[in-house]
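Dear colleague,

I am passing on the structure we spoke about, and below it you will find what came out of going through it. Please have it open while you read.

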Amino acid sequence: MLFFRGLSRISRTSYYRCRWIYSLPHNQHLSHSSHFLSPPDSTHKVLGCRVIYSWISGTFNGVGKQVQYQSSSLVEEQLDPFSIVADELSVLADRLRSMVVAEVPKLASAAEYFFKLGVEGKMFRPTVLLLMATALNLPISAPPPHRGVDMLSTELRTRQQCIAEITEMIHVASLLHDDVLDDADTRRGIGSLNSVMGNKLAVLAGDFLLSRACVALASLKNTEVVSLLATVVEHLVTGETMQMTTTSEQRRSMEYYLQKTYYKTASLISNSCKAIALLAGQTAEVSMLAYDYGKNLGLAFQLIDDVLDFTGTSSSLGKGSLSDIRHGIVTAPILFAIEEFPQLRPVVDRGFDKPGDMELALDYLGKSRGIQRTRELAQKHANLASIAIDSLPENDDEDVQRSRRALVDLTQIVITRTK
Ligand code: GRG
């Protein structure tokens with residue numbers, strides 16, 4: 001199983017006899033004996049977790065979240081990927097709140113709307129980026145005489161945190177604009193900004209967040225990184241436009257769907273991962289592995305999102321919000337179902353807009369392997385993401401290894417999530 005493979009790979013240097021207990025939904029417990037590296041300083045950070053952690057844990061209801069191991073007399077709790085960076089994430093969330101303060105009161109309350117305590121969302125992207133920053137930590141061989149290694153690594157970390165902040169601002173800007181385009185009522189369990197303050201302010205707040213992201217980006221004074229993130233914004237707009245302007249042939253093309261998915265979801269995390277590597281002065285090869293990890297994790301994330309739109313938290317069809325199909329958007333489960341049931345084609349071609357179309361599509365989907373094949377495709381991308389981490393140059397540093405293991409664990413958490 002990939003999860004075990006990823007974990008055991010880390011244990012190249014120091015092995016402990018461990019007993020793992022996975023906390024599963026519905027109080028099920030799965031025990032597994034294996035050899036794992038002991039993370040030495042995990043316990044105090046568990047205590048250091050803030051509100052953000054418990055809330056994230058509730059959102060990602062996957063395996064491997066709460067893992068305990070025993071090594072001779074020592075019993076400690078293994079950290080989940082989110083808790084490793086929980087303290088830093090909390091500082092980052094505070095800084096984001098100060099970065100989005102606007103001069104005009106109406107714009108100020110619109111811009112801060114999704115950064116307020118309790119509505120920050122999962123902060124999935126900053127989590128990945130902070131873990132990637134540590135995972136790519138390579139020893140700085142010869143620091144300039146006037147600057148010690150410590151000062152250089154602190155400066156680098158601050159710049160990498162800045163990438164995480166920029167990424168989150170771009171993400172939230174895209175959510176605000178997306179909700180206007182979709183005329184959405186809710187987001188993150190509260191009223192969407194467009195429904196609370198109107199479309200005009202929601203669009204302006206999105207523009208404002210993008211401008212603050214640009215200012216932060218410029219402060220890094222790295223043109224390659226600026227170019228990467230500017231391309232991401234282009235991709236977001238391209239992906240959104242591809243989704244709303246399909247011909248019937250494009251609507252039933254898996255290639256078109258995956259390209260759109262890369263633009264809308266995976267480009268942001270993949271290019272931001274690459275930016276983290278570039279700032280660390282990594283080689284083109286390592287930067288590409290960081291990019292590959294982000295791309296495949298992003299694709300796996302969206303494929304599971306597309307499954308959950310049909311199934312929701314349960315595994316039965318029709319329990320999700322069905323928002324894609326309601327908006328005439330064709331996703332992977334339906335595309336796979338068409339391969340088994342070509343009768344579904346005309347329904348898809350007309351965008352599910354005739355009475356009974358939605359029920360018909362769900363019926364064929366239920367008879368097909370569409371959901372299962374989408375999960376398999378997500379698993380394939382999750383594996384590719386793990387392979388990218390496995391291919392990074394060897395490094396024996398415990399923090400580096402722990403972050404790499406967390407990035408591999410995240411691939412599994414993403415595909416087993418139920419929300
Ligand atoms: C203003 C940059 C900009 C773009 C405009 C509208 C648009 C073009 C792009 C939309 C892109 C978009 C919203 C894609 C969906 C991405 C996605 C998977 C969102 C859900 O991410 P989560 O689950 O959300 O991480 P939280 O709420 O946890 O942050």
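**The ligand and its surroundings**

By class, the shell around the ligand is made up of 8 nonpolar, 6 polar and 6 charged residues. Please keep in mind throughout that this is a predicted model, and that every value here was computed from it.

Of the 20 residues around the ligand, the ones that come nearest are Lys122, Arg125, His171, His177 and Arg188. For three of these residues I can give a distance to the ligand. A polar side-chain atom of lysine 122 lies 2.5 Å from an oxygen atom of the ligand, and for histidine 171 a polar side-chain atom is found 2.7 Å from a ligand oxygen atom. In the case of arginine 188, an N or O atom of the side chain is 2.6 Å from an oxygen atom of the ligand. Of the 760 Å² of accessible area that the ligand has on its own, the protein covers 91%.

Two or more residues of the shell are given by each of helix 8 (149–182), helix 11 (223–244), helix 13 (254–279) and helix 14 (284–311). The largest share, 7 residues, comes from helix 8.

**Buried positions in the helices**

Helix 14 also holds serine 287, and this residue is buried, with a relative accessible area of 1%. The side chain of serine 287 reaches the backbone oxygen of threonine 283 at 2.8 Å. Leaving out residues up to four places away in sequence, serine 287 touches Lys274, Ala277, Leu278 and Gln282.

Alanine 93, in helix 5 (residues 86–99), counts as buried because its relative accessibility of 4% is under the 20% cut-off. When neighbours within four places in sequence are set aside, alanine 93 is in contact with Glu120 and Met123. The C-alpha atoms of alanine 93 and glutamate 168 are 9.6 Å apart in space, although the two residues are 75 residues apart in sequence.

In helix 6 (residues 105–112), the buried residues are Leu107, Ala108, Ala110 and Ala111. Among the elements that cover these buried residues are helix 9 (193–197) and helix 10 (199–219).

Further along, leucine 362 lies in helix 18 (residues 357–367), and at 17% relative accessibility leucine 362 also counts as buried, since that value is under 20%. Not counting residues up to four places away in sequence, leucine 362 touches Phe310, Leu317, Gly318 and Leu322.

The protein averages a pLDDT of 82, and 79% of the residues score at least 70. Over residues 1–77, however, pLDDT stays under 50, and the model has 166 contacts beyond four places in sequence for this stretch. Where pLDDT is low, the predicted coordinates should not be read in detail.

With best regards

Notes: Residues are numbered from 1 along each chain as its sequence is written. This is a predicted model: local features need pLDDT of at least 70, side-chain atom pairs count only at pLDDT 80 or more; totals for chains, interfaces and linings use all residues. Side-chain values use heavy atoms; hydrogens and water are left out. A residue is near a molecule or strand if one of its heavy atoms lies within 4 Å of it. A polar contact is a pair of N or O atoms within 3.5 Å; within protein, one must be able to donate a hydrogen and the other to accept it, and residues adjacent in sequence count only if both atoms are side-chain atoms. Accessible areas come from the Shrake-Rupley method with a 1.4 Å probe; for residues, only the protein chains shown count as cover. Helices (H or I, at least four residues) and strands (E, at least two) are DSSP runs, numbered from the N terminus. Ala, Val, Leu, Ile, Met, Phe, Trp, Tyr, Cys and Pro count as nonpolar, Asp, Glu, Lys and Arg as charged, and the others, Gly among them, as polar. Buried means under 20% relative accessible area, exposed over 50%, partly exposed in between (1.4 Å probe, protein chains only). Contact means heavy atoms within 4.5 Å. pLDDT is the predictor's confidence in each residue, from 0 to 100.
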